[in-house]
Amino acid sequence: MNYMPKIDRRSFLVSTTAAAGGLALGFSLPIDAAEAADAGAESAPEVNAWVVVKPDETVVIRIARSEMGQGTLTGLAQLVAEELECDWAKVTYEFPTPGQNVARKRVWNDFFTAGSQGIRASNKFVREGGAAARMMLVSAAAAELSVPASELTAANGVITHAASGRKVTYGKVAAAAGKLDPPKDIKLKDPKDWKVIGQPKKRLDTPIKVNGEAKYGIDVRLPGMLYAAIKACPVNGGTVKSFDTGFKVASVGGVKKIVAVENNAVAVIADSWWRAKTTLDALPIEWNLGDNAKVSSASIAAWLKEGLDADTGLVGNKTGDAKAALASAAKKVEAVYAYPYQHHVTLEPQNATARYTDDRCEVWTSTQNGEAALALVSETSGLPIAKCEVYKQFLGGGFGRRSTSHDYVKQAVLIAKQMPGVPIKLLWSREEDMTHGWYHPVTQAKLTAGFDADKNLTAMHIRISGQSILATVAPARMQEGRDPATFSGLYPGGAEAAFGYDIPNVLVDHSMRNPHIHPGFWRGVNINHNAIYLECFMDELAKEAGMDPLEFRRKIMAKHPKHLHVLNVAAEKIGWGTPAPAGVSRGIAQHMGFGSYIAAAAEVSVTGNKVKVHRLVGVTDPGYAVNPAQIERQVAGSFVYGLTGLFLGGNTVKDGRIEQENFDTYDMMRLAQMPKVEAYVVPSHDGVWGGVGEPTICVAPPAVLNAIAAATGTRHRTFPLRDAGLTLA
Amino acid sequence: MVKLTINGTSHDVDVEPDTPLLWVIRDSIGLTGTKYGCGIAQCGACTVHIDGKAVRSCSLAVSDAAGKQITTIEGLAANGKLHKVQQAWVDNDVPQCGYCQSGMIMAVAALLKDKPKPTDAEIDQAITNICRCGTYQQVRAGIHAAVAAA
């Protein structure tokens, strides 16, 4: 628990609101040119918090959520631009800081960028922000032209008075508009009138990502900056016993200080990161490893296995009486699956640059939650939030690693406190990053189903045994000792992640077992393993019933039309029921997560121990599709992430520590292994906004596994598949 | 003191001669477009050109780069015009987080210099950079677009 940032989001909201009451912080721009580039709008006056129109008609849209590749930046800008009626070709963006949000009473609402929430949770208020700005610009134009606002129309950044033919541009009236009171009644467009939302707009951040210009946390450079390398105890829960603060490597200069960080880590501060790292690598450190050093993957697996048969579990879905129905079933089928730890592997290792003085603490970093990082900076520095700031940079991958666990931010502040006034960039080596992650939790599952004499499915019991993320990361979100997120995709109903089959008796329950390895939110989170468990088992049941896997599912999905629809589209697009190419087998799977309905179908061939995934069809119904081109890219990218975990990934534990220290032992999919991905976006436009970055990740692995089983007759139930000798061709 | 030529500019850097070139480019020179991913030449995020060939700069001692022509992502565009691979990346909206793309683009640019019309099999063999966002489908489309633009 050493790294646990004590962040209770709810209490943070209260405290920041209170802090904002007594504050009059203006827009203090960052001091460095590199950061000033991010601040963008310079001195042009804002129309409102979301929109700045410069005299040259450039429209700057402010984006509170973080951009980590998922495209939220562009999607959110489209939502604002739709209502603003500006010229999309003139749109640019900037990121307000968490400190500015506090100072302005959280005018930008939430900075949290995880759980596929970026667009889902902010679509209404960002559209309202765009609409309000448009109304203010039109009001200002009405005053300028001395006509009633009702006689004006706005389009492409130009306000027109049709009766007189006079026109005025946004840039001309922006300053006046910014002085007006914001409108009270804001009416948003009917979705059928959308012109920007739903269009495959190019990403706004592409140009600076092809020439080295985009700045990530690791790229921050400040005058007089020093560099720090760090080693925390290799066993989570252990502490530092001793090290020599005066240690030197004869051939390496530039070392400024060797310091303890909390009770479990040692950092070397030097004038270059390489010098810091080289010295740290040579520095003898004695650790108190503690009892966790006795834990291994085998001991964790044995502990979880006990949970599969524990008498009672924490219940997530109970319909009818599954245990009784199973007891009286004509035929029972049982299978046990297991899914391993998985590291996030953000390609940009964790890092943060901090500068501390007695009066101010500032941090430059890559974070999925700037406000949580700011709260942690305040708590760690001992300074009030008003004296702290976090400057968000682009993220070199997030995937959940930088959402709830800002251990690297805390360390950076603790290091900076030991050299007040000096900015210090803390960068984790890849080895430090791989061995001190917040891993996809380890679980096993026993699935038991019952058929009646006519081969109708009458009951299903899914017992999940293993780690709860919330118990460690967000205990405040536990419900009477139960981790509700454990049951993602298996809930009895609801708009988030409902079970998609109509089975008379269902029991889904959880035996919680929490090893000392930190669990975390890993892209897709619990649907990754839940979808594998359920959808592979469904194929096993279809086989038992002697039915085609698609027909077997369809038979029990009539009451779940949205689940059924994406499944049907996947089946149609892969050509289910038609002959596959020679040597190719097909598999299919569906699930629900983050408010979206998703399905995948795979075409796979297996030669010896080599699996070639030729084609993957991905279907998603996210309710509304803000940018279909970016959704397609998220689908393809999520498939890479999910299949990497299935085939190549998996982290193991030996002597209490994670064994995989770098990419030579934790491989990832490459270009040569990339299947042809066909993404189909089928939004149902019914008022519910689903997520996009994560949901589809969970359906590719079971679709591929079902295709492998169809090809070979072998059902794989433990992962990664490299443990079974399978390689991804 | 090591003498380097990076993007046509000469630099004298005061570092230990076994310092990896990557850290000299990033921290001593201040060109941060070249990224650190693994430090063991597995991921390719640190790819630069040395005398026109793609090299993973995390695993090359700076002393071995002395006197050679080093090109980083910042030096790939010429006369204010994007390299055809960069342009293809823009046209195909390839990057997601973008962190690997400097190295990816440098690797592809070196491949196309060597083989202007590579087959897919040659592309698979030559481009082994890791993209954790999984942009590979767009990467391949981008390579084909750059080939077509030649």
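In chain B of this predicted model, 15 residues of domain 1 touch 12 residues of domain 2. Chain B also meets chain A, through 47 residues of chain B and 46 of chain A. Chain A itself is divided into three parts: domain 1 (31-209), domain 2 (217-289 + 350-427) and domain 3 (297-342 + 439-728). The points below start with chain B, then turn to the contact between the chains, and then go through chain A.

**Chain B: two domains**

- Domain 1 of chain B covers residues 2-75, and domain 2 covers 84-149.
- Their C-alpha centres are 21 Å apart.
- On the side of domain 1 of chain B that touches domain 2, strand 3 (47-50) and strand 4 (53-56) of chain B each give two or more residues.
- Strand 3 of chain B gives the most to this side, with three residues.
- This side of domain 1 of chain B has six nonpolar, seven polar and two charged residues.

**Where chain A meets chain B**

- The side of chain A that touches chain B has 24 nonpolar, 12 polar and 10 charged residues.

**Chain A: domain 1 against domain 2**

- The C-alpha centres of domain 1 and domain 2 of chain A lie 36 Å apart.
- Domain 1 of chain A puts 17 residues into the contact, and domain 2 of chain A puts in 22.
- On the domain 1 side, helix 2 (33-39) and helix 4 (98-103) of chain A each supply at least two residues.
- Helix 4 of chain A gives the most to that side, with four residues.
- By class, the domain 1 side holds eight nonpolar, six polar and three charged residues.

**Chain A: helix 3 and helix 5**

- Two packed helices are described by the angle between their axes and the distance between the axes.
- Helix 3 (residues 72-84) and helix 5 (residues 123-145) of chain A pack at about 35 degrees, and their axes are 7 Å apart.
- The crossing of helix 3 and helix 5 of chain A is right-handed.
- From helix 3 of chain A, the residues in this contact include A:Leu76, A:Leu79 and A:Val80.
- From helix 5 of chain A, they include A:Val126, A:Gly129 and A:Gly130.
- Eight nonpolar, three polar and four charged residues make up the contact of helix 3 with helix 5 of chain A.

**Chain A: a three-stranded sheet**

- Strands of a sheet pair through backbone hydrogen bonds, either parallel or antiparallel.
- Three strands of chain A form an open sheet in the order 5-6-7, with antiparallel pairing.
- Why is one side of strand 5 (152-155) and of strand 7 (166-169) of chain A left without a neighbour in the sheet? Both strands stand at the edges and each has a single partner strand, so one side of each has no neighbour in the sheet.
- Neighbouring strands of this sheet are turned by 25 degrees against each other on average, direction ignored.
- Strand 6 (residues 158-161) and strand 7 of chain A are joined by four bridges.
- In that pairing, A:Ile159 has A:Val168 in strand 7 of chain A as its bridge partner.
- Helix 5 of chain A packs on this sheet and touches strand 5, strand 6 and strand 7 of chain A.
- The direction of helix 5 makes about 130 degrees with that of strand 5 of chain A.

**Chain A: helix 10 and helix 11**

- The axes of helix 10 (residues 370-381) and helix 11 (residues 407-416) of chain A come within 9 Å and cross at roughly 35 degrees.
- This crossing of helix 10 and helix 11 of chain A is right-handed.
- A:Ala373, A:Leu376 and A:Val377 are among the residues of helix 10 of chain A that meet helix 11 of chain A.
- The contact of helix 10 with helix 11 of chain A has six nonpolar, two polar and one charged residues.

**Chain A: strand 21**

- Is strand 21 (residues 505-512) of chain A largely enclosed or open? Seven of its eight residues are buried, so strand 21 of chain A is largely enclosed by the rest of the structure.
- Strand 13 (residues 314-319) of chain A runs antiparallel to strand 21 of chain A, and five bridges join them.
- A:Thr319 stands opposite A:Val506 in strand 21 of chain A.
- Strand 20 (residues 457-466) of chain A runs parallel to strand 21 of chain A, with eight bridges.
- A:His461 stands opposite A:Leu507 in strand 21 of chain A.

Note on methods: Residues numbered from 1 in each chain as written. Chains lettered and ligands numbered in written order. Predicted model: local features only at pLDDT ≥ 70, side-chain atom pairs only at ≥ 80, totals over all residues. Contact = placed C-beta atoms within 7 Å. Nonpolar A, V, L, I, M, F, W, Y, C, P; charged D, E, K, R; others polar. Buried ≥ 20, exposed ≤ 12 C-beta atoms within 10 Å, placed from the backbone. Pairing = 2+ DSSP bridges. Axes fitted to C-alpha atoms, helices over the stretch in contact; angles between N-to-C directions. Left-handed = near helix turned anticlockwise from the far one by under 90°. Domains from an automatic or database assignment.
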